[in-house]
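Keep the sequence at hand.

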Amino acid sequence: MGIIKFTDYLSPNNIYHGDARILLRKMEPDSIALSIWSPPYFVGKAYEKDLTYGDWKSLLRETINLHYGLLKPGGFLAINIADILCFKDEAMPKIMAENVSRRKISLTREQILNVKEKHPDWNRYQLAKHFGCSEQTIHRRLSGNNIRGGKYQPQTRVLIIGGMIEEMALNTGLYPYDRRVWVKDAAWENSKWHTLSYRAVDEFEYVYIFWKPGVTKIDRSRLTKEEWINWGSRGVWEIPSVRSNADHDSKFPMELPRRAIKLLTEPDDIVLDCFIGSGTTAIAAISEGRRYIGIDKEEKSVSISKAAIDAYQKYAHAPQQMELMIEEIESTYEVKL
Ligand SMILES: C[S@@+](CC[C@H](N)C(=O)[O-])C[C@H]1O[C@@H](n2cnc3c(N)ncnc32)[C@H](O)[C@@H]1O
């Protein structure tokens, strides 16, 4: 009677199915040395399709809030996230620079009006044929609406995430401790706008690291001298993107959580990922001799993670073949799931 049932807490070395906002309430207080995760990015993936922008911000805020209680004093929360490069903004003025490129003709409204004066009966299609361009181009020039996608489409801008995350963390008592930039593969094929603007392609993300006040053990021997030089002390981490992501389409490379785990935790510490996806963080934790807790709202992600962990443990006697093994695991589960 009146005894708190500690067994109700989520226990280490398990992957749980459920919403992070519910399951994080079942974590043992002050128990996690490092929580590292990559949330939905609000870029239209299947697992986030039901979220409005407001819902997405609430998911981030609530998840960050719940971390204050579950982190060990002196522990860390590391969030891998990217700015949204194509964020629709209704309030943005619908004005865009004229697109003058090698392949496009440079056509002004005045040129069209001059021809129209000589041929008042020509329609947009005849004018387009005359100028060797599309009828949409004629329409855009004549209506003074020089925007790709038409005047009814909202403009897109970059949504910068850092300040928002920082504010959410500070509001809950977590302090920005460090930030790293992960340079991944340049996504040329996904960067629809790169011939239509001066914007850069998508090729880096952030890892924001927040600290819960408390004693943090600083042990420089966690990394070798070479590791300190190559990445431990470096603000920029160059890690190739996951090429084979057949089992889950938004994985981070294992090297990313592995570095954070090695740098920020001790053997046997518990590492949490409440957006576990395909189990990457759990496997990185195991490979560094740490315990893990994983959470995901998709049943499929939970199955993939558990299967990947089982397979990893089976082959753990050959850590030098880790990457190769993970690729094998991914292709196996692409077939099975
Ligand atoms: C960007 S992916 C994480 C990928 C992971 N880092 C990996 O390497 O495989 C985000 C994951 O969060 C999960 N997710 C989305 N909303 C969630 C929620 N409210 N609670 C728990 N998991 C959620 C998705 O199902 C997806 O697997």
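Arg 124, Tyr 125, Leu 127 and Ala 128 in H4 meet Glu 135, Thr 137, Ile 138 and His 139 in H5. Contact here requires C-beta atoms, placed from the backbone, within 7 Å. Helices are DSSP runs of H or I with at least four residues, strands are E runs of at least two, and both are numbered from the N terminus. This is a predicted model: local features need pLDDT of at least 70, side-chain atom pairs count only at pLDDT 80 or more, and totals for chains, interfaces and linings use all residues. Residues are numbered from 1 along each chain as its sequence is written.

The axes of H4 (residues 124-131) and H5 (residues 135-142) come within 8 Å and cross at roughly 105°. Axes are lines fitted to C-alpha atoms, for helices over the stretch in contact, with angles from 0 to 180 degrees between N-to-C directions. H4 is therefore roughly perpendicular to H5, a label covering 65 to 115 degrees.

Now the core. The largest nonpolar core has 53 residues, and Ile 32, Leu 34, Ala 78, Ala 260 and Val 271 touch the most other members. Such a core joins buried Ala, Val, Leu, Ile, Met, Phe, Trp, Tyr and Cys residues through C-beta atoms within 7 Å; buried means 20 or more other C-beta atoms within 10 Å of a residue's own. Strand S3 (residues 71-81) gives this core its largest share, six residues. Beyond four places in sequence, Ala 78 contacts Leu 34, Ile 36, Val 207, Ile 209 and Ala 260.

Finally, the ligand. 20 residues surround it, the closest being Lys 251, Phe 275, Gly 277, Ser 278 and Thr 280. Near means a C-beta atom, placed from the backbone, within 6 Å.

Conventions:
Buried ≥ 20, exposed ≤ 12 C-beta atoms within 10 Å, placed from the backbone. Contact = placed C-beta atoms within 7 Å. Parallel < 35°, antiparallel > 145°, perpendicular 65-115°, else oblique.
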